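This briefing covers strand pairing, aromatic ring pairs and charged side chains over rings. Please keep the sequence and the structure at hand while reading.

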Amino acid sequence: MPNFINTHSYKYYFNILSPLFSSGAPKTIQKPLPEDLKVRTGVVILSAQVLICRNYKGDVDMAEIDHFMPLLMQHEEEGLLCPVISHGNVHFMWIKHSNLYLVAMTNKNSNASLVYSFLYKLVEVFTEYFKELEEESIQDNFVVVYELLDELMDFGFPQTTDSKILQEYITQEGAKLEVAKTKVPTTVTNAVSWRSEGIKYKKNEVFIDVIESINVLVNANGSVMSSDIVGSIKLKTMLSGMPELRLGLNDRVLFALTGRDKGKTVVMEDVKFHQCVRLSRFENDRTISFIPPDGESELMSYRINTHVKPLIWIESIIEKFSHSRVEIMVKAKGQFKKQSVANNVEVRVPVPSDADSPKFKTSTGNAKYVPEKNLVVWTIKSFPGGKEFLMRAHFGLPSVENDELEGKPPITVKFEIPYFTVSGIQVRYMKIIEKSGYQALPWVRYITQSGDYQLRTNV
């Protein structure tokens with residue numbers, strides 16, 4: 001996620017809410033700002049409702065947030081849930097994480113994509129700080145959260161959003177906050193704002209993970225209705241100094257530019273880079289050149305819009321006998337090369353909400369009934385390519401049939417196949433250039449996993 005550039009002023013304030021309601025008197029802590037800014041800045045925490053809020057520009061009434069939860073519940077009941085909810089001339093842009101709602105408010109025609117990018121970046125930063133972002137972590141780290149909100153945005157302008165840089169001068173020990181803030185790292189104002197100077201490692205290494213997720217939708221007749229591949233290249237960088245890295249992929253556009261069109265190449269769409277990548281260089285000659293952030297980061301993401309054969313094919317027969325029982329037969333077949341193995345495979349088969357008395361028989365793995373989700377979860381720890389496995393399930397049904405019509409949720413599959421990419425993307429080289437001339441080792445790992453992987457049923 002790139003740092004945000006101060007090109008626009010976004011007039012909204014930020015709220016973190018718990019989804020529950022309860023009574024309680026609000027407590028307000030105010031931080032004075034220069035009078036000429038005329039900004040009302042406050043943080044409000046309500047027990048089990050508004051936990052914390054920050055008004056950046058003062059042109060939205062803080063009491064407007066009281067309308068958000070009733071409107072959200074009303075829209076949810078009516079089946080009209082939308083990422084933007086309006087009340088009068090105030091617009092709520094919100095996301096949900098764990099048991100929290102993160103809400104931005106504006107009364108202007110703001111750039112919604114930037115607002116949502118900022119909200120998701122907040123989740124990322126808070127998770128880096130507190131490991132788990134929940135109601136308790138906000139309440140237990142109120143001072144740190146408030147300091148982070150001040151540094152992440154100033155008067156409506158997003159500022160430093162890199163958690164590694166923020167951790168250099170905003171610590172989790174409240175007593176150190178004011179002392180640490182007296183000296184802000186020079187990294188914040190450097191051209192390379194995502195990496196600090198003076199980093200040293202005894203052993204210089206770069207770990208590259210190429211992770212691809214397969215999205216597949218198969219209809220009840222067994223035809224693939226839609227499929228694509230969403231990939232990302234993640235780095236774990238342990239390099240000294242300020243190295244420059246150059247990454248080479250089997251990019252079809254690059255091969256065409258250089259007159260080479262041999263071997264297997266891929267066409268990447270919707271490519272998104274970390275801010276460290278020199279975009280002008282990539283646009284000119286498709287070279288991915290960058291000074292990497294220290295530690296873990298996502299270098300780039302991409303999409304490949306191509307027909308994908310489902311790697312794990314599911315055939316199902318579900319027979320429902322009214323007032324009696326449900327018989328389920330599921331066959332899973334690995335449609336990938338025999339040398340590869342899918343790990344931690346989960347086949348999730350929906351069952352009627354009034355089913356009971358489950359009985360299972362599997363040729364491998366374990367099946368269990370999850371009544372709170374109305375699912376049978378068939379788990380296979382190791383699934384070699386080319387193999388077929390079978391699961392049978394028997395459920396009883398009540399003698400009185402439920403009058404409510406139930407939907408037909410699809411069978412979903414989860415899996416992970418290491419050392420394999422379905423698109424055929426390859427890291428051709430990784431060059432590491434640093435003025436001290438040290439030797440560094442790059443390591444590459446490929447992983448294919450399930451994304452939105454659904455197979456519809458007739459029942």
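In the hairpin of β20 and β21, 4 residues lie between the strands, and N374 takes a positive phi near 55°. The model is predicted. The points below start with the strands around this hairpin and then turn to the rings.

**Strand pairing**

- One of the positions in the pairing with β21 is V345, which has I380 as its bridge partner.
- Strand β18 pairs with strand β23 (residues 411-418) as well, again antiparallel, over 4 bridges.
- Here E346 stands opposite K414 in β23.
- As a general point, side chains in a regular strand alternate between the two faces of the sheet.

**Aromatic pairs**

- How many aromatic pairs does the structure hold? There are 12 aromatic pairs.
- One of them is formed by F68 and F92, with 5.6 Å centre to centre and 50° between the planes, a tilted arrangement.
- This pair links distant parts of the chain, since F68 is in helix α1 (residues 68-77) and F92 is in strand β6 (residues 90-97), 24 residues apart.
- Are F68 and F92 buried or exposed? F68 has a relative accessible area of 0% and is buried; F92 also counts as buried, at 0% relative accessibility.
- The pair of F142 and Y146 is stacked because the planes lie at 25°, under the 30 degrees that stacking requires; the ring centres are 6.3 Å apart.
- Both F142 and Y146 belong to helix α4 (residues 142-152), where 4 residues, or about one turn of the helix, separate them.
- F142 counts as buried because its relative accessibility of 18% falls under the 20% cut-off.
- Y146 is buried too, with a relative accessible area of 9%.
- F68 and F92 also belong to a cluster, in which ring pairs link them with W94 and Y101.

**Charged side chains over rings**

- R325 lies over the face of F321, at 4.0 Å from the ring centre.
- K431 is placed over the face of Y429, at 5.3 Å from the ring centre.

Terms used:
Residues are numbered from 1 along each chain as its sequence is written. This is a predicted model: local features need pLDDT of at least 70, side-chain atom pairs count only at pLDDT 80 or more; totals for chains, interfaces and linings use all residues. Side-chain values use heavy atoms; hydrogens and water are left out. Two strands pair if DSSP finds at least two bridges between them. Helices (H or I, at least four residues) and strands (E, at least two) are DSSP runs, numbered from the N terminus. Rings of Phe, Tyr and Trp (its six-membered ring) pair if their centres lie within 6.5 Å; planes under 30 degrees apart count as stacked, over 60 as edge-to-face and the rest as tilted. Buried means under 20% relative accessible area, exposed over 50%, partly exposed in between (1.4 Å probe, protein chains only). A charge sits over a ring if NZ of Lys or CZ of Arg is within 6 Å of the ring centre and within 35 degrees of the ring normal.
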